[in-house]
Structures are given as structure tokens and as C-alpha cells.
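Here is a short note for a colleague who has not seen this model before. Please read it with the structure open.

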Amino acid sequence: MTAESMRKYPSDIKLNIPAHKRKKPRASRVIFIILAMAILLTFAFLFLFPTVFTFTNSFMSQTEISANYGKIFTGLGVSGGGGRVYIGDKVNLQLIPDRVSFSQYATVLFKSPAYLEKFWSSVIYVVPIVLFQLAVAAGASYSFARVPTKFRSIVFFAYIILMLMPYQVTLVPNYLVSDKLGLLDTRWAIILPGIFSPFSVFILTKFMRRIPSAMVEAAQLDGANEWALFTRIYLPLARPTLYSVAILVFIDYWNMVEQPLILLKNEALYPLSVFLSRINEGDTGIALAIAVIYMVPPVLLFLYSEDYLIDGIAYSASVKG
């Protein structure tokens, strides 16, 4: 084979190297890969075990749960008195139930309306917060990206400061404002502060500022006004980022605990995230079943929108202004 043909057809060249002369991976590299895989698998197992344990044990009957974990859930405290529960000497850790039982789920879904009431209470809080927070954030982010006002940088810097503050710092002002407005101990005390959270504004503003100016100028030459730019250029391009923000906001407020405990006195208004801590006081099987039901919405949302979440993060980093 000539040198010219070798340059034209490099894929047809086969190197006939004897097997004993081929370069073998070093033993240290193989050991490193094995150790790394073992460590990663161990952490993956430890991370997934509580979820798998909760799901599989939720199908155990209360009799089987008591037989396997009675020393944990119904043990006695010090000197035989009540109080703290200690793990006994013999606990049968079992992932697969001997007999599958749906009695806990039947109790939760059909016989005990209190559990479903708390579930829908969480939905009533979270869905308006997600929808209206995205609407407010989209408008505010477009203003930060498009309107060249004198105090734009100062206001946006204030948003960043508020976002960096822990929620516990802003909880007292939220409490005082809700009290003055007469919203304390109502659902609005949770929903209104959630709608105007600065997190979504910060994320969307950083994205909208990276939209190419040439695209905007081309739309303006075609006669597009500000509303057309907002609805036909910025929002469609920001769709993956909007999905990403919606997922993060949903998970954040689905798991909220501090806000209801401080801003709500009426326990009937508590979401399921607060009510979960009291379920273990009764039937352990019921507690496991309601925990699985509590995990279903965020898990389904993540599985359905995983591509949007990844695209939103990748697209935010790839768009250049």
C-alpha cells in the first residue's frame, strides 16, 4: 500500500501487532478502577437504601412489621418507662415482604381522609407558588435583560443578596408583614412570599441576558414590539430554563417545613411535609405507605422532566450574548 492510499483510506489500515507485544493496562490502574467502582457502588447503595426500604416495607402487613422491627418502633425506654425508643438486640432487616399487603394503602386512600387532606393541602400550596412565581420571574427577568434603567444593577444586586440569605433570616420579616396585613394563619401567608421569591428571577435573568442581540435586532427589523419579543423570542428560548426552575421550585416548596410551623397556627392548614413527622406515632405500616405516596409527585415530575432539566442547565451555559 502506497503512502498516498494510506492517507486517503486510514480506516482500512490494520496494525498486525502480536498479542504478546500489545500494551497492557497497568495493574495499578486496574486496581484504582476497581476501588473507585466499589466506592461509588457503596455510596449509591447507601443513598438508595432508605428509599428502597421504605417502598418495599410499605407492602408489609402490620403483623410482619411488628415481628421484624418491633424492638425499634415499640421498644421501651430506660428502666422500662416510656420515652425514647432503643433498638433491640435482634432486628430482622427485611427488604422483600413475606406476604404482600395493600391494607395500608387502602387505609390511607379510602378509610382515612386526613392523609389525603394533607396531601391536597400541599398541592394547594405548591402549584400556585410554582405557576405565579414563574410568571412574575419571567416578567421581571425580561425587564432586567431589556430595560436599560439607571438603577437596574442596584435592584438586581438586591435580588442576589436576598437569594443568598437563608430563609430563616427572612422568616421574621415575613411573619411581621403577614401579621400587619392580616394574613397570618392563612394560606396566603405561605403562598405570597413564595410567589415573589428571588431565586427564579436570578436564574432567568442570567439566561435572558445571554440571548444573542442579533436575534433580537432581526425581530425588531421585522416590526416586533416588546410584547412580541417577550412572547415569541425570549419565552420560547427560555422554555428549558423555565422547566428547570419549575422542578427546583416544586421540590423546594413540596418539602417546606419552617414556613408552615412559623406562619400557621391552625394545624388543619399544615401541608403533608409537616404532618409526616406525626405519622409514626400510630401505625408504622401507615407511616411507610404515606411516605411512599409523598414521594410520588416529585419522583414523577423528575422522571418526566429530566430531559428538560438537563437541557435547561446545558442551554443556559451554551447560549452566548
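The points below cover side-chain contacts and one surface patch.

1. The model is predicted. Each value in this note is therefore tied to a prediction, and local features are reported only at pLDDT of at least 70.

2. Over the whole structure, the search returns 1 salt bridge. Its partners are Arg146 and Glu226, whose side chains meet at 2.9 Å, N to O. Arg146 belongs to helix H5 (residues 113–146) and Glu226 to helix H11 (residues 226–237), so the contact ties together parts that are 80 residues apart in sequence.

3. How exposed are the two partners? Arg146 is partly exposed, at a relative accessible area of 23%. Glu226 is also partly exposed, with a value of 40%. Residues count as buried under 20% and as exposed over 50%, so both fall in between.

4. Aromatic contacts come next. The search of the whole structure gives 15 aromatic pairs. Ring pairs join Phe119, Trp120, Phe250, Trp254 and Tyr294 into a cluster.

5. Two charged side chains are placed over rings. For Lys118, the charged end sits over the ring of Phe275, 5.5 Å from the ring centre. For Arg187, the charged end sits over the ring of Tyr125, at 5.2 Å from the centre.

6. On the surface, a nonpolar patch is formed by Phe32, Ile33, Met37, Leu40 and Leu41, which together have about 550 Å² of accessible area. One of these residues, Leu41, is located in helix H2 (residues 27–57). Leu41 is exposed, because its relative accessible area of 57% is over the 50% cut-off.

Note on methods
Residues numbered from 1 in each chain as written. Heavy atoms only, no water. Salt bridge = Lys/Arg side-chain N within 4 Å of Asp/Glu carboxyl O. Helix = DSSP H or I, 4+ residues; strand = E, 2+ residues; numbered from the N terminus. Buried < 20%, exposed > 50% of the residue type's maximum accessible area, 1.4 Å probe, protein only. Phe/Tyr/Trp six-rings, centres within 6.5 Å; stacked < 30°, edge-to-face > 60°. Lys NZ or Arg CZ within 6 Å of the ring centre and 35° of its normal. Patch = residues over 30% accessible without salt bridge, like charges linked within 9 Å, V, L, I, M, F, W, Y side chains within 5 Å. Areas by Shrake-Rupley, 256 points an atom, 1.4 Å probe, with all protein chains shown as cover.
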